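Trainee: I would like to learn how to read aromatic rings in a protein model. Please show me the case.

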Amino acid sequence: MIANIVKPGNNTYGVVKYLFDKGRANEHTNQHIVASWDDFIPDPGPYDSPGHKQRLDQLTKALDLRVKQAGDKAPEGHVWHCSVRAAPGDRFLTDSEWATIARRMVNATGIAPTGDPDGCRWVAVRHADDHIHIVATKVRGDLRPPRNWNDYHRAMIELTAVEKDFGLTQVLRGPEAAAGTPTAKRLTRAEQEKAKRQGRGVTARERLRHTVRAALSHATDLDEFFNLLSDAGIQVETRTLPSGDLQGYKVALPDDGPPIWYSGSSLATDLSLPQIRQRLAAADAPTALAASPAGRRPNAWHQATAAAERIPHHLDHADDPAAQAHLTVFSEVLYALPAHAPAHLRAELHRAALAFEHTAHTRARADHQHARALRGALKAMRYQPADGTGLAMLLDAAILVVLAAQRRSAMRRHDRQVAAARQTLIHLQAAYDQTAPTALNALARHRPTGDAVRRYARHLHDLVPTHAEQILAQDAWPALTATLAAAEAAGHNPATVLQQAAQQRSLDDANSVSEVLVWRIQRLGTRHAPGPTAQAQAALARSTLRNGTPPAGRSTTGTVAVRTVSAPRPQRSR
């Protein structure tokens with residue numbers, strides 16, 4: 001919830017009249033009182049209801065009674081006005097719930113402490129679904145002013161408790177919020193009305209925010225970031241200090257009439273220049289994308305998928321700043337994907353990125369090493385065009401990340417983030433369903449002969465007994481056999497790579513276990529295969545364990561244990 005305590009005034013009638021009026025754009029509807037210091041005060045009702053003006057006058061006089069009694073002792077600026085608004089996406093609150101919130105607010109701020117018969121006179125007015133206004137006159141029954149010092153801070157503390165008690169979105173406050181949450185600035189009514197007049201579905205601020213996020217997901221430094229914005233047709237201006245150091249930037253649309261400039265922080269708090277610098281710096285460290293000893297450069301799409309697959313574990317076990325860093329860099333991945341995808345997928349992926357922006361409504365500190373790895377792989381993806389397989393495997397991992405983020409938000413009762421994650425899943429699943437079949441069919445065309453298929457099926461029953469029958473019945477089984485055959489041809493032991501793929505993470509939350517294994521084994525198969533010496537040593541070790549005797553010339557002391565081929569250890573579903 002969001003509270004705003006305005007500067008004290010002296011015109012009680014003017015404030016109350018506005019609350020019961022139609023509003024500047026006829027946005028006030030069903031105006032009525034939900035709570036007050038006295039249950040028998042007259043309710044003016046809507047501005048066009050019979051007797052409205054008379055009841056409005058009566059209410060104003062009742063509120064001002066003690067102010068007039070105090071005379072010269074009444075405080076200057078005797079009108080206390082506080083609005084309380086539900087966060088976007090919160091559920092509909094009843095009048096009774098708003099009444100309870102209003103009473104808790106006037107108690108917490110010292111305006112009308114619970115059980116104090118001399119508390120200030122106040123009234124809570126509702127003229128919209130998502131907020132109320134509380135108006136009070138700051139003279140107590142003993143004609144003294146209330147002890148409402150530090151009322152804003154006390155209101156914030158109370159709203160935090162209200163959010164927990166009512167199951168509402170928990171808004172970050174205090175130092176954590178000041179440190180930078182990637183929250184979009186609330187749109188003004190003027191911006192929304194202008195977008196409607198222009199026939200646009202989104203405002204200029206939203207269009208700019210989306211474009212800036214997309215440019216940031218691709219950029220490796222500030223110069224490239226500003227160049228990408230210019231390439232996208234955005235007008236960019238920068239501010240520099242006398243020393244020549246960059247101080248800030250602002251952007252404007254080229255087709256919006258006279259340029260209306262927005263600073264980065266006015267688009268979203270995590271798009272300020274200092275925040276952008278932190279995120280770009282977090283990709284400077286080496287990200288294991290250097291060439292392998294065999295001279296092959298790892299596939300950036302495989303690297304990004306492997307890094308993304310570790311995010312669910314971090315969301316379950318890491319502390320909040322680290323988990324939030326993972327969500328932030330994953331949001332960058334979603335914003336980057338439309339530029340890499342075929343034309344028919346771009347709109348769906350763009351909608352997924354927009355939806356996930358609300359799920360990643362958390363602190364944007366990208367200081368975790370895993371966040372560095374994923375961001376580094378993301379930058380490298382620009383230089384390695386995606387084939388259908390690379391995009392499909394990354395989308396498969398992305399779906400699991402969003403599922404983990406949804407569970408994390410649900411545990412914290414963040415209803416808005418849960419709803420946003422649900423929308424993200426719809427769009428990602430739609431994009432995956434359009435991509436995966438083509439890639440899987442292409443793999444299945446290279447499936448091996450019957451003897452190899454039967455051998456792989458035995459490995460499956462030995463290593464993944466819980467899911468074996470399910471995998472054999474799924475449409476992706478031919479593609480899985482082809483993937484195992486390709487890994488074997490590259491020098492890998494098919495049983496080993498199958499075991500490694502199954503043990504990377506629990507398979508319980510996968511829609512198609514066979515497809516998940518295909519993508520994992522594809523990545524494992526591109527790694528450098530063990531040489532003949534290493535394979536011989538592994539075979540000797542396995543033989544030793546079966547026979548129960550150590551190799552000649554080697555004692556059992558200090559022998560490294562070799563894991564036998566077995567079913568994967570059950571893991572927590574992530």
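Trainee: Is Tyr-249 buried or exposed, and with what relative accessible area?

Mentor: Buried means under 20% relative accessible area, exposed over 50%, partly exposed in between (1.4 Å probe, protein chains only). Tyr-249 has 2%, so Tyr-249 is buried. This is a predicted model: local features need pLDDT of at least 70, side-chain atom pairs count only at pLDDT 80 or more, and totals for chains, interfaces and linings use all residues. Residues are numbered from 1 along each chain as its sequence is written, and side-chain values use heavy atoms, leaving out hydrogens and water.

Trainee: How many aromatic pairs does the structure hold?

Mentor: Rings of Phe, Tyr and Trp (its six-membered ring) pair if their centres lie within 6.5 Å; planes under 30 degrees apart count as stacked, over 60 as edge-to-face and the rest as tilted. The structure holds four such pairs. One of them joins Phe-225 and Phe-226, tilted, at 5.3 Å centre to centre with 50 degrees between the planes. Phe-225 is buried at 0% relative accessible area. Phe-226 is buried too, at 12%.

Trainee: Which residues do the ring pairs link into a cluster?

Mentor: Phe-225, Phe-226 and Tyr-249.
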